[in-house]
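Work through the exercises below with the structure at hand. Each task is followed by a solution in steps.

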Amino acid sequence: MKPLTETDVRSSFVNLTKGATKRLNLPADLAERPWEDLDYLGWRDPKAPQNSYLVTEHDGRLCGVALRASRQARGARKTMCALCATVGDVSLLVASRAGRSGQDGNSVGTYICTDLDCSLKARGKRKVADTLILQETLSVEQKVDRLLGNLDSFVARVLRPA
């Protein structure tokens, strides 16, 4: 992923108001992120840990999605991430749909690594929990392709009217 600026990030959100994008807390280490190993920018809000955000490219443009931890969730669970297919600390994260549909209360959810570091896990640069390790025969490139496909599908669901 190419390095993103604060302006890039704030202007990319599809399911937040302009006021909310101005108020959201960006990662303090934005400039130091390992951009060459990232397929998307993902972070949890340090001041409001129930809020998470991801920014990725979708259909040739940046697309930011605000996520919220499900109220029913009781913290991270050892399960499989729907994006990178690794087993570890995963949370049910819910995104309001973009546009009128989201304003009407429609949302989509999926299970994502709690720390939103799927790109690093797919590349073997972040250790996966030892509790349950599934051996895969996929190459790193295949894992990254799977991650990108799953991420693109999720973003498309956020953008699709209910």
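**Exercise 1.** How many residues has the largest nonpolar core, and which have the most contacts inside it?

*Solution.* The model is a predicted one. Its largest nonpolar core has 25 residues. Those with the most contacts inside this core are Val-65, Leu-67, Ile-112 and Cys-118. At least two residues of the core are supplied by each of β3 (61-69), β5 (87-96), β6 (107-113), α4 (118-122) and α5 (140-159). The largest share, six residues, comes from α5. Apart from this core lies another, of 14 residues, among them Leu-4, Leu-26, Leu-41 and Ala-66.

**Exercise 2.** Classify the ring pair of Phe-13 and Tyr-53 as stacked, tilted or edge-to-face.

*Solution.* The structure holds two aromatic pairs. In the pair of Phe-13 and Tyr-53, the ring centres are 5.8 Å apart and the planes stand at 85°, so the pair is edge-to-face. Phe-13 lies in the loop between α1 (6-10) and α2 (18-23), and Tyr-53 in strand β2, so the pair ties together parts 40 residues apart in sequence. For burial the cut-off is under 20% relative accessible area. Phe-13, at 10% relative accessibility, counts as buried, and Tyr-53, at 6%, is buried as well. Ring pairs link Phe-13, Trp-43 and Tyr-53 into a cluster.

**Exercise 3.** Is Ser-52 buried or exposed, and which residues does Ser-52 touch beyond four places away in sequence?

*Solution.* Ser-52 is found in strand β2 (residues 51-58). Its relative accessibility is 0%, so Ser-52 counts as buried. Not counting residues up to four places away in sequence, Ser-52 touches Trp-43, Arg-44, Val-65, Ala-66, Leu-67, Leu-93 and Leu-116.

Notes. Residues numbered from 1 in each chain as written. Predicted model: local features only at pLDDT ≥ 70, side-chain atom pairs only at ≥ 80, totals over all residues. Heavy atoms only, no water. Helix = DSSP H or I, 4+ residues; strand = E, 2+ residues; numbered from the N terminus. Buried < 20%, exposed > 50% of the residue type's maximum accessible area, 1.4 Å probe, protein only. Contact = heavy atoms within 4.5 Å. Phe/Tyr/Trp six-rings, centres within 6.5 Å; stacked < 30°, edge-to-face > 60°. Core = buried A, V, L, I, M, F, W, Y, C linked by side-chain atoms within 4.5 Å.
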